[in-house]
Amino acid sequence: PAVSDETNQQILTYGMAIFAAVAVLRLIFSSFTIILLPVFGIMYLTCPTDESFDAKKELKRVYRGQHLPEDDPNKPKSWLEKAAAKVAATVVAETTTALGYTLTFIHASGFFTVAKVKLDAAELEYYWIGCLNKWSFAMSRDLTQT
């Protein structure tokens, strides 16, 4: 049986739509490559070194509440609250690290580094992400809850 002109027109329309979709997708993916290549290059060049991570200093920052958002009720607001939090953070960080801790680094192909501090006595783990020449607190985990 012969294909009607109407069916031929539909096949041609669908074929052109598929061709146009493939062309648009290729254009999008090539622009992503052009845009993301410099971003990944900057991330690769600005990954902090393992030596730049100071576990005690970073733990003190976490215990002071530096990572908390400004509207968090647990974040110290006044000068007195900040001073008290700083003293408490120093005492807690020094005590827990004196009892032993394990520092582990996980490298993601040079784009970023994850630092894990496991406090043996407190059975806690803390995680930081190192990227763009700085260490940012990510999360903590209570090992007694597992």
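**The sheet and its helix**

Analyst: In this predicted model, Y126 stands opposite S140 in β4. The strands concerned are β3 (residues 124-131) and β4 (residues 134-142), which pair in the antiparallel sense over eight bridges. Two residues lie between these strands in their hairpin, where L132 takes a positive phi near 55°. On the other pairing of β3, seven bridges join it to strand β2 (residues 112-119), again in the antiparallel sense, and here V114 has I129 of β3 as its bridge partner.

Taken as a whole, the sheet is open and has four strands in the order β1-β2-β3-β4, with antiparallel pairing. Because β1 (101-108) and β4 stand at the edges and each has a single partner strand, one side of each is left without a neighbour in the sheet. From one strand to the next, the twist averages 20°. Helix α2 packs on this sheet, where it touches β1, β2, β3 and β4, and its direction makes about 105° with that of β3.

Helix α2 (residues 55-64) also packs with helix α3 (residues 79-98), at an angle of about 135° and with the axes 8 Å apart, which means that α2 is oblique to α3. The crossing of α2 past α3 is right-handed. On the α2 side, the contact is made by K56, L59, K60, Y63 and R64, while the residues of α3 include A85, A89, V92 and E94. By class, this contact of α2 with α3 has six nonpolar, three polar and five charged residues.

Methods
Residues numbered from 1 in each chain as written. Predicted model: local features only at pLDDT ≥ 70, side-chain atom pairs only at ≥ 80, totals over all residues. Heavy atoms only, no water. Axes fitted to C-alpha atoms, helices over the stretch in contact; angles between N-to-C directions. Parallel < 35°, antiparallel > 145°, perpendicular 65-115°, else oblique. Left-handed = near helix turned anticlockwise from the far one by under 90°. Contact = heavy atoms within 4.5 Å. Nonpolar A, V, L, I, M, F, W, Y, C, P; charged D, E, K, R; others polar. Pairing = 2+ DSSP bridges.
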